[in-house]
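I opened my notebook to look a few things up, one topic at a time. Here is what I wanted to look at.

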Amino acid sequence: MNLARFPRIRLGHLPTPLEPMENLSKHLGGPKLWIKRDDATGLSTGGNKTRKLEYLMADALAQGADTVITQGATQSNHARQTAAAAAKLGLACHILLEDRTGYEDAAYAHSGNVLLDLLHGATISRLAGGTDMAAAMESRAAELRAEGRKPYVIPGGGSNPVGALGYVNAALELVNQAAEMGLRIDHVVHATGSAGTQAGLVAGLVALNSGIPVLGIGVRAPRPAQEANVLALAQRTAAHLGLPDNTVRAEHVVANCDYVGQGYGIPTEGMVAAIKLLAEKEGILLDPVYSGKGMAGLIDLIRQGRFGKDENVVFLHTGGAVGLFAYPDAFGVG
């Protein structure tokens, strides 16, 4: 598995730390909890999309692009990191933001990630919930081509086989860190949405024959749809890597979508409690859309006894804490 043959631009502070969460482990009575700090990738407050953008932006430049187009929800972490990467590389950036929550308050509409999108010089179009976002991006790209520009379209979350290479690389990084530390990793858990992070991790860990299972805690789609999306992308990523057919199989992809609540980006009591608990016990900030719900799921599964007391569970922190500023009411400070 030779990742060096794929174009890559270094945007992140890598490798990210792999740290024990001793206070949280003690509070919950086991298992032994660890956190992979992909909130510390460094690009515009960090986050998991930075790894994907290292490959996506390299591909954009290789194709001669002068503009990148992407899409996400109003408080998209992916949009913010894409805007920052474009700024760093001297590219124009246009973001299509979809209203997936119906929230109209000023904090949600203009603070957090939206503020940073604008600070990085991106232009924004706001679209109604339910818009065909892929078609909307292609329409915008056609307009720019008619103006003589060279746009490069990045899917939501950076989730395609090129972007997923970032998490194939993360799998290699994690396995190497664990080997150096003498750490046996029994489970990796993270929030899963657009599928690219989980697909890349699964493809990478399976290709390395690591034996480490990945559990995605869903933040949007029902379990059958989420697992199907992850499996399809993981298999396409494996093919992109040149791995044999059937390297990634259905049994490698597991998602638990019991913690979505009323919908994507809509707060839950479990999410709020998880964010407060990690802030108080470990001094680490999660985000309200992804990692907060991912941690809520992990904590609940621990309390259900789903993990052995002596097992080592790594939680992958996907970043996005700047999104907390868009949800003051959820934390009683509105």
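**Charges over rings.** I began with Arg-100, whose charged end sits over the ring of Tyr-264, 5.3 Å from its centre. The rule I used asks for NZ of Lys or CZ of Arg within 6 Å of the ring centre and within 35 degrees of the ring normal. I also found Arg-51 over the face of Tyr-167, at 5.6 Å from the ring centre.

**A note on the model.** I am reading a predicted model, where local features need pLDDT of at least 70 and side-chain atom pairs count only at pLDDT 80 or more, while totals for chains, interfaces and linings use all residues. Residues are numbered from 1 along each chain as its sequence is written, and side-chain values use heavy atoms, leaving out hydrogens and water.

**Aromatic pairs.** Next I looked for rings of Phe, Tyr and Trp (its six-membered ring) with centres within 6.5 Å; planes under 30 degrees apart are stacked, over 60 edge-to-face, and the rest tilted. I got four aromatic pairs by this rule. One of them joins Tyr-103 and Tyr-108 edge-to-face, at 5.3 Å centre to centre and 85° between the planes. Is Tyr-108 buried or exposed? I checked, and Tyr-108 is buried, with a relative accessible area of 2%; buried means under 20%, exposed over 50%, and partly exposed in between, with a 1.4 Å probe and protein chains only. Tyr-103, at 29%, is partly exposed.

Tyr-108 also pairs edge-to-face with Tyr-327, at 5.6 Å and 85°. I noted that this pair links distant parts of the chain, 219 residues apart, with Tyr-108 in helix 4 (residues 106-110) and Tyr-327 in the segment after strand 10. Helices (H or I, at least four residues) and strands (E, at least two) are DSSP runs, numbered from the N terminus. Tyr-327 is buried too. I put Tyr-103, Tyr-108 and Tyr-327 down as one aromatic cluster.

**Strand 2.** Which strands pair with strand 2? Strands pair if DSSP finds at least two bridges between them. Strand 1 (residues 18-20) pairs with strand 2 in the antiparallel sense over three bridges, and Leu-18 has Lys-36 as its bridge partner. Strand 10 (residues 312-317) runs parallel to strand 2, joined by six bridges; there, Lys-32 has Asn-312 as its bridge partner. I also saw that strand 2 (residues 32-37) is largely enclosed by the rest of the structure, because five of its six residues are buried.
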